[in-house]
Amino acid sequence: MQLLSIIAFAAVFWRAELTRFEPLVGQNEIGLTLLIALSPSVLIAVLGFVCIRRTQSFVRRHPDSPETGLFSYHRCAVVFRGIAGAAFLALTFLTPWSAWFDFRQIHPALQILGDLASLFPFCLSALSIWISGYFVEWKIRAEDGLVDVVVTTERFTGSRFRSYFDFQLRHQFLTVAVPMTIILFASNLTEAYEEPLQRAFHSTWAPDTVLGAVGVLVFILAPILLRYIWRTHSLESGELRGRLEGLCDRIGLRVRDILVWSSDGLMINAAVMGIFPSLRYVLLSDALLKTMTTDQIEAVFGHEAGHVKHCHIQFFLVFAFVGWLIVAGLMEWVGFTMKGESWTEQAVSMTVEGAGILATVLIWCLGFGWLSRRFERQADLFGSRCANPVAEECHLPCGLHPDGMTTVDDSTRVCATGAAIFSGALRRVAALNGIPLEEPSWRHSSIANRIRSLRSMAGDPDRAFRFTRLLRRIKLFLTCTAVVGALASVVYILVVYRSK
């Protein structure tokens, strides 16, 4: 849902850029526009009701394998999200809906209110998805014993749907909405005051530079924003905190704080956020702390530490920069090839912008997912190493403790016992969250695939070495591509402006 929220905000941003874009639905066709705006949420609600009844029936008929019914619902939820996303894109680009909320003529600062108002149909669709999710993810899982009694009791205290809605709103929507709203507000102002900014800074790039600076600042401060968007508090002093702080000292990880992520038992997970140590937090959800052993918690904590130690956030930024270079280069090439032809200015503009949007979607949907899944497995390896026992306590055949008494000095090898502890934590996360082991994930891969990969590398040191080498080559390729692309872009800009 977070990805869908990003797409919705990106659509609002792109629509403002397409100044010469003419919608297919006429300005005066109010009824048709409202139908396109409101019908997706109604359709999702109806399909959600059918899906709920179907899932309930399946779980009752197959009480021994309720996870299969949940897997079926999760596939339906993917369809629901697809409907919500496609409908909002159609509403934004094919109808005058966005033009109804153009407040720039009143004052540029008020346009952010119009941008947020234009997201109302998307929010309705999200609410329909959450309602169906509530009946499946809460009621079915609790009634059929898919969650432990401890977690179930926590979940069903107080107002059930209020807690569920609060969590979904904070985690699935506000996580994206708050930083994106700040960036959209800055974009509206820099666009409105483009000429004064250019005169003030004596540069045509001043508006883009200011907007980029705001984006960087929001990214840097995002951990503080998320700490308050998500309900968190510091992990209390005690044996567990002392053990996790000792792990941080052992692996050289600096963090500002270790936080408990209050989710009313809805989230059994962990997260890390922040590039700079002074703004870096590691979060462990309340349900994770209540339902896992100390060894498993340490392994999950180590997984999040792995993202930091292997600089995954930084390389995601490098990937984003490389993707931007590719999209910008493609758009420039398309515009250049169409110059000499008998194309209208509007046709050229729409083709260039369409090529940019298509390339962006492909790069992020295919490239980012592929990279993210491999980074996730690298973090799995790090987490399992954090759970490594001393040689005397390793009773499984592995490449790290070949004779049960000595340790091989090789950072690419994996202890089978550490891998088993981390695999157990993954299974625990899947069971408590109602996630079927084989359910695919665009960003993380399936839990079963991650467990199989981890165990195979524990049993085959050469495989672990090849995987580690692959990750090094990927990072080197991204770095070299970013450097070469940046230099080529500078040269191209200098040549183009000199020719003008």
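Predicted model: local features only at pLDDT ≥ 70, side-chain atom pairs only at ≥ 80, totals over all residues.
**Strand β4**

Strand β4 spans residues 281–285. Because 5 of its 5 residues are buried, β4 is largely enclosed by the rest of the structure. Tyr281, Leu283 and Ser285 point one way from the strand. Val282 and Leu284 point the other way. In a regular strand, side chains alternate between the two faces of the sheet.

β4 pairs with β2 and with β3, as the table shows.

| Partner strand | Residues | Bridges to β4 | Direction | Example bridge partners |
|---|---|---|---|---|
| β2 | 257–261 | 5 bridges | parallel | isoleucine 258 and valine 282 |
| β3 | 270–273 | 4 bridges | antiparallel | alanine 270 and leucine 284 |

**Helix α9**

Helix α9 runs over residues 206–229. At leucine 221 the helix bends by about 55 degrees. A proline, proline 223, follows within four residues. Pro223 is also one of the buried residues of α9. Others in that list include Leu211, Val218, Leu226 and Arg227. The cover over the buried residues of α9 includes helices α7 (160–192) and α8 (194–201). Strands β1 (232–234), β2, β3 and β4 also contribute to that cover.

**Surface patch**

Which residues form the nonpolar patch on the surface? They are Leu3, Ile6, Ile7, Leu89 and Trp442. Together they have about 380 Å² of accessible area. Helix α1 (residues 2–17) gives the most to the patch, with 3 residues. Isoleucine 6 lies in α1. Its relative accessibility is 41%, so isoleucine 6 counts as partly exposed. The range for that class lies between 20% and 50%.

Methods: Residues numbered from 1 in each chain as written. Heavy atoms only, no water. Buried < 20%, exposed > 50% of the residue type's maximum accessible area, 1.4 Å probe, protein only. Helix = DSSP H or I, 4+ residues; strand = E, 2+ residues; numbered from the N terminus. Pairing = 2+ DSSP bridges. Bend = angle between axes of the 7 residues up to and from the residue. Contact = heavy atoms within 4.5 Å. Patch = residues over 30% accessible without salt bridge, like charges linked within 9 Å, V, L, I, M, F, W, Y side chains within 5 Å. Areas by Shrake-Rupley, 256 points an atom, 1.4 Å probe, with all protein chains shown as cover. Salt bridge = Lys/Arg side-chain N within 4 Å of Asp/Glu carboxyl O.
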